Amino acid sequence: MPVARPEPSDARVIALIDMDCFYVQVEQRRQPQLRGLPTAVVQYNSWKGGGLIAISYEARKYGVNRSMRGDEAKKLCPEIQLVQVPVARGKADLNLYRNAGSEVVAILARKGRCERASIDEVYLDLTDVAEAMLSENPPEKLEAIDEETLKSHILGLDEEVDKQKGELAREWLCRSNASQQDKLLACGAIIVAELRMQVLRETEFTCSAGIAHNKMLAKLASSMNKPSQQTVVPSSAVKGMLDPLPIKKMKQLGGKLGSSLQSDLGISTVGDLLKFSEEKLQEHYGTNTGTWLWNIARGISGDEVEGRLLPKSHGCGKNFAGPQALKTLASVESWLKDLCEELSERLQSDLDQNKRVAHTLTLHATIYKTNDTDQLKKFPSKSCPLRYGTPKLQEDALKLFNSGLREVLDLQRADIQGTSKSAWVVTHLSVSAGKILAKPSGTHSILRFFHSHESSSSSKEQTYNGIDQNSVPSGGENQVVVNEVEANKKTTINNYVNSSSIQGEQQKETSYHKDTNSILRFFHNRDPSCPSQEQTYNEISQNSMPSVPSGSENQMAADQAEAKKGTMISHVKSNLARGETQKETTQKGSGPILRFFQAQRAPCTSSENAVPSTSGTEHEQESDRVSAHEESQKEKVEINDNMNSLHHDEHRRKRWSLNPEEIDTSVIDELPPEIQREIRVWLQPIKRAKAAQRGPSIADYFSPAKKGPQSHNS
Ligand code: DCP
């Protein structure tokens, strides 16, 4: 659901950097002989030549597009080079592309707040750096403006034909009588052009950019002139840009809301929206969405650049087209195993490298009936608290699938194994890990772990009642999970963790491509005999993963047992919260780009030099390792201190209402490994000394019935 946020009163400078035909560029860097040739990257499934997922601009000239398969593309463009995505575990392995995207993000982040929006798109807030430039070195005082900046498309200027385009841009950029807003945008254009050149120098990738006062406009502008060009949106050009735009091209209007605007209000362009008052729009779509629609029609959007270099979620999915569709529970289970294995590796790597912990596991599937012409009910996206470790992920993912399948087939629990083999087919499966937060570190990890969840909720009760219900498998499955939890007393920390809806991946906007020969010209000048840089790329640290699309979260009613559990959980959280004091903070342009590639010919024998980011990234990784080591040393000291404190400070234990000797180690197994280690160190001496007194589980201990009066009151 879109959120109407007021725009800040001060002008901002926001850019969206979008890589050009990204996977193709990554493959062309690996295989320089492909430079300048019509090329497409195809999916793993090679049926009819494989589905096209990335297409070079050379191939687009022949009419090749993403809806085609390789065979069809070959008919249109016989010389097209088809490159298959790398494969691992019988499915596409996107790590190569994710790593390449991370290289770009690392460069862009040097200049401003950076939000990784997708595998190849990054928002940048350049307000501070543009303001600094304007006060210290404004464009009108610059001796020269680089060629790449002069190639900028300034919306609203393009119609003038009596002057050279570069001259027009120079005049606009250097106007001394321009508004403060436009002056800042001019600075933004210079900064972005420099950044794009830097990205090219360090990675060999070209990108396009939109530069505007907010994210929405920057995003729309970024695809207006591709490849390797940038577009600036002065405030005076907003209306002209938005009015003719088909409503469905707007972010968040590509789906149901956009269709409803068309069918209910007869709106087909953004300009049509202007005919409706805010009140009218609110009447139809509610207060928030109505205001949001009113705002976007005027180019108003207060969304902030989030300052996030790492992805919000990790997802692994696979399509099973045509005859590959999965028809049995066994085949679904087998694929879920593979997907969870990959997800587990990525979660572990995120934990190791970035010290982040994911809290919600979500399963998506697409399913069809085979013995009926009617389509099945949409498979509901299912979520539950995420437990670390491949077997647990696999187990939970399968439960989520079974739960969804029962819902779709309107079956009772017992019927699931008996479903006829041919009753349904699964054409898509994916698992994703969301609600990724910084791992609590230091002495009181476990407490901070609780706090980090608590801080993201407005109230404990609300958290449980409003969200946690969604994070437990629904229907019969839910009961199974609850029963297991209750019966085995394995109410783990993850059960306290609440999952908010996983946001769907932003829908890609289709661009109005204005194809040019520029890229072809750049790469004609390259020497294809440069050695492959694959090895170098493989050494680059991998920090980022893309999101998978997600649908609606599972909705279910809380039964009495759930409510009781919620009360208990809230109670426990309150107790823990009281003891903790510290919270975790946790073209057309041929000029400069052409020269870049010409220069690349000579040093072809040392291709590493062409990718300085590689060594830079390695260096950063090394620093990370050093600081991680220091941190772990520091943590060890703190843990020891804490052990002493636990031994000797009974008062403190009472205050926490937490009796460590009663903690069941099976509960600890459910936690992320790093937290497990800390807790084990923390508990070891106490457990040895008082093993005989150990209670059955952490849930028992936390049960209000076992606490003293002080705890009951919390
Ligand atoms: N991608 C994919 N499947 C899709 C769409 C995209 O696997 N259905 C991958 C391949 C793309 C990358 O994501 O290279 C980025 O997608 P974009 O939509 O940004 O498209 P490109 O970068 O390929 O081209 P453009 O220059 O038009 O942005």
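**Figure 1. Aromatic pairs in the predicted model.** This predicted model holds six aromatic pairs. One of them brings Phe22 and Phe205 together edge-to-face, with 5.7 Å from centre to centre and 80° between the planes. The two partners come from distant parts of the chain, 183 residues apart. Phe22 belongs to helix α1 (residues 22-30), while Phe205 sits in the loop between α8 (180-203) and β10 (207-212).

Figure 2. Is Phe22 buried or exposed? Phe22 counts as buried because its relative accessibility is 4%, under the 20% cut-off. Phe205 is buried as well, with a relative accessible area of 0%.

**Figure 3. Helix α1 and its cover.** How many of the nine residues of α1 are buried? The answer is nine, so by the cut-off of 20% relative accessible area this helix is mostly covered. Among them are Phe22 and Tyr23, along with charged residues such as Glu27, Arg29 and Arg30.

**Figure 4. The shell around the ligand.** There are 15 residues around the ligand, and Cys21, Tyr57, Arg66, Asp120 and Lys226 come nearest. By class, the shell has seven nonpolar, one polar and seven charged residues. Which elements each supply at least two residues of this shell? They include β1 (14-19), α1, β3 (52-55) and α2 (57-60).

**Figure 5. Polar side chains at the ligand.** For Tyr57 the distance is 2.5 Å, for Arg66 it is 2.6 Å, and for Lys226 it is 2.7 Å. Taken alone, the ligand exposes 550 Å², and the protein buries 80% of that.

Figure 6. Cys21 lies in the loop between β1 and α1 and has a positive phi of about 25°, although it is not a glycine. With 11% relative accessibility, Cys21 counts as buried. Lys226 is joined to Pro227 by a cis peptide bond, with omega of about -5°. Pro227 is found in the loop between α9 (215-222) and β11 (230-232). For context, most residues other than glycine have a negative phi, and most peptide bonds are trans.

**Figure 7. Arg89, a residue with positive phi.** Where does Arg89 lie? Its place is the loop between β5 (87-88) and β6 (91-92). Phi of Arg89 is near 50°, a positive value in a residue other than glycine. Arg89 is partly exposed, with a relative accessible area of 25%.

**Figure 8. Charges over rings.** In this view, Lys215 lies over the face of Tyr123, at 4.8 Å from the ring centre. Another example is Arg298, whose charged end sits over the ring of Trp294, 3.8 Å from its centre.

**Figure 9. The setting of the close-ups.** Stepping back, the protein has 30 helices and 15 strands. Of its 714 residues, 56% count as buried. The protein exposes about 30,100 Å², and carbon and sulfur atoms supply 50% of that area.

Key:
Residues numbered from 1 in each chain as written. Predicted model: local features only at pLDDT ≥ 70, side-chain atom pairs only at ≥ 80, totals over all residues. Heavy atoms only, no water. Phe/Tyr/Trp six-rings, centres within 6.5 Å; stacked < 30°, edge-to-face > 60°. Helix = DSSP H or I, 4+ residues; strand = E, 2+ residues; numbered from the N terminus. Buried < 20%, exposed > 50% of the residue type's maximum accessible area, 1.4 Å probe, protein only. Lys NZ or Arg CZ within 6 Å of the ring centre and 35° of its normal. Near = heavy atom within 4 Å. Polar contact = N/O pair within 3.5 Å; in protein donor to acceptor, adjacent residues only side chain to side chain. Areas by Shrake-Rupley, 256 points an atom, 1.4 Å probe, with all protein chains shown as cover.
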